[in-house]
Amino acid sequence: MFDPGKFSFIEGLVKPETFRHVAQVIITHDHPDHLDVDILKQIVNLSGAQVLSTQEVADKLHPLAIPVRVIEEGTFQLGTFSLQAISVQHEPVLDDHLPRMFAFVINDQVINPADSFSPSLLNYKGIELLVLPVMAPFLTELMVADFAKQIQPKQILPVHDGYAKSFFLKQRYETYGPYFEKLGIQFHYLTEPGQAIIL
């Protein structure tokens, strides 16, 4: 599991109990939309999951007695998953401090860039699936489209849009979907909690 942040749980459509069987939780960086401490604690208490993240997150969670395996750049194994952690810079926001952050390549098939459109991620051009932030304070639709065109994935899984009203989310997907499909990229329209794709 990646980044259980506050927007995912705020309406009660998704609950910590949903994740009672997860084995690992990876926090890409210390921002509240990627790390809700109370929710994480509930998930860990229910599942016994191992938490992996940056030293910054480990220091934050230490007083709550949530142990964290600190990630360093490089490749490591979690069960059947091979993960490559890539240190990337968070896109600019109205904050004096940008936290340390990792993007991840999973089984050489999926790239999760977290909140970064770093040029270093272009090394994974042509990957099977790009987990693509499509809405954020630091994004425009032109930035989203340009990054995806440079990566040229075969498929896109849109994320970072859970705070949008359903009618607006539908409009966004109806804009992005046909655009990417004209480029030969499959765009997945996942709008409801519990929907999934299988690679």
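# Exercises on a predicted protein model

Arg172 touches Met135 and Glu141, not counting residues up to four places away in sequence; a contact here means heavy atoms within 4.5 Å. This is a predicted model in which local features need pLDDT of at least 70 and side-chain atom pairs count only at pLDDT 80 or more, while totals for chains, interfaces and linings use all residues. Residues are numbered from 1 along each chain as its sequence is written, and side-chain values use heavy atoms, with hydrogens and water left out.

## Exercise 1: Arg172

Task: state which element holds Arg172 and whether Arg172 is buried or exposed.

Solution. Step 1: Arg172 lies in helix H5, residues 166–182. Helices (H or I, at least four residues) and strands (E, at least two) are DSSP runs, numbered from the N terminus. Step 2: the cut-offs are under 20% relative accessible area for buried and over 50% for exposed, with partly exposed in between (1.4 Å probe, protein chains only). Step 3: Arg172 has 12% relative accessibility, so Arg172 counts as buried.

## Exercise 2: Tyr173

Task: locate Tyr173 and list what Tyr173 touches beyond four places in sequence.

Solution. Step 1: Tyr173 is also placed in helix H5. Step 2: its relative accessible area is 1%, so Tyr173 is buried. Step 3: leaving out residues up to four places away, Tyr173 touches Pro158, Asp161, Pro178, Phe187, His188, Tyr189, Leu190 and Thr191. Step 4: for one of these, Thr191, the position is 18 residues from Tyr173 along the chain, and the two C-alpha atoms are separated by 9.0 Å.

## Exercise 3: the nonpolar cores

Task: describe the largest nonpolar core and find the contacts of Leu132.

Solution. Step 1: a nonpolar core is a set of buried Ala, Val, Leu, Ile, Met, Phe, Trp, Tyr and Cys residues joined through side-chain atoms within 4.5 Å. Step 2: the largest one has 30 residues, and Leu121, Leu132 and Phe180 have the most contacts inside it. Step 3: two or more residues of this core come from each of strand S5 (81–88), strand S6 (101–106), strand S8 (129–133), helix H4 (141–151) and H5. Step 4: another core lies apart from it, with 18 residues, among them Val22, Val37, Val51 and Leu61. Step 5: setting aside neighbours within four places, Leu132 is in contact with Phe117, Val144, Phe147, Ala148, Ile156, Leu157, Pro158, Val159 and Phe180.

## Exercise 4: the whole chain

Solution. Step 4: the C-alpha atoms fill a box of roughly 50 × 40 × 35 Å along the principal axes.
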